[in-house]
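Dear colleague,

I am handing over the structure below, and the notes that follow it set out what was found in one part of the chain.

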Amino acid sequence: MIARRDQRPPAPPQEAAIWWATCRQLDPDWFAADERFEVWLDDPANSEAWHAIDRRIEQVGAFATMPEVREMRRAALELARVRKRSIGPRWALGTALAASVLAAIGLGSLTLSPRAVPDIATVDNVQRFATAIGQRRDILLDDGSKVTLNTDSLVEVRYSADRRDVRLLQGEAMFHVAKNTARPFIVSAQSRQVTALGTAFDVRIRQDGHIQVLLVEGKVRVEPVRHNGLGRIIPALDRTELSPGQQLIAEGQGEVEVVAADVERETAWNRGALIFRGDSLGDAVEEVNRYSAMPLMVDDPTIARLKVSGIFPTANQADFVAALEALYPVRAHKEEGGTIRLTWRERLDRQPD
């Protein structure tokens, strides 16, 4: 146990809240029986600090199975083993777990990039959900709607009594919307917003800034976030309604194009796969790079024009590289820093060692 009956929590409310949270983590029964906690909690400043810490720990629990958090636990247990001989097994484990709790609380208080640790944060009734590079994540919203985030993506969710608002700030998301005609479900992505009632659709912010909206089933209406020109007077002029299988591509506030989509291909990421059907190798590499922190590079335009077809796992860049080396006279050369560069095999062989 990390605390004895004769020990007291620190005076500052936030530090004391962490002290009590660690006690609860290590020995729930002892924590529940200690009447001092209720006395301490009666102070308004202490109560505010406790609820803030408790809320952060709860948020951390929502992603406790993530690799980063599992690594944090592993490091804590390793620390316990190192200290075991000098400070005793019970105290060592308590110290390590306390460090784990403190690190978890710290995660909840940071504003994190989706390229670092995926996080859940709630501020002013806005929930923020993110994925890291290569991660895919399912999120069940309060109304029963489901959002699936693709790699390196970020959304904000705000629900009110009369509408459900989601902002896609980065990346791509698939939405399966629970029907509620009294509360429209609206997804905003840069200059466009998508209104749906009981439907499934995909929204993506591409690297070139274009917005893609793919309707899988149901019906959606796409329109600018801010109307311009005649659209200010007659908003219906700026609205586009999609039918299942159609995809809208918008260039900022500019032109809107609606095309027939390859739904199986465009939604394959949701099943952990990438589908290429005669794509240029350059375009295929750009897509593969979305799912890996180690980018593939193609400098030779002749290599970039090669055609690629096949189904590849999003989680295994090596499979894609191996297929290229087997099908074409190209070789992948790993450079310092992790970049993988594709070159003609003969040209690489001629280079001096």
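A residue is called buried here at under 20% relative accessible area, exposed at over 50% and partly exposed in between (1.4 Å probe, protein chains only), and strands are DSSP runs of E with at least two residues, numbered from the N terminus. This is a predicted model, in which local features need pLDDT of at least 70 and side-chain atom pairs count only at pLDDT 80 or more, while totals for chains, interfaces and linings use all residues. Residues are numbered from 1 along each chain as its sequence is written, and side-chain values use heavy atoms, with hydrogens and water left out.

Strand β14 (residues 246–250) has four of its five residues buried, so the rest of the structure largely encloses it. Pairing of two strands requires at least two DSSP bridges between them; β14 pairs antiparallel with β11 (residues 211–217) over four bridges, with Ala250 as the bridge partner of Ile211, and it is joined to β15 (residues 256–260), also antiparallel, by five bridges, where Leu248 has Val258 as its partner.

Turning to salt bridges (a side-chain nitrogen of Lys or Arg within 4 Å of a carboxyl oxygen of Asp or Glu), the count comes to 16. Glu223, which is buried at 4% relative accessible area, forms one with Arg221 at 3.3 Å between the closest N and O atoms and another with Arg239 at 3.2 Å, N to O. The latter pair links Arg239, in the loop between β12 and β13, to Glu223 in strand β12, 16 residues apart. Both arginines are partly exposed, Arg221 at 27% and Arg239 at 38%.

With regards
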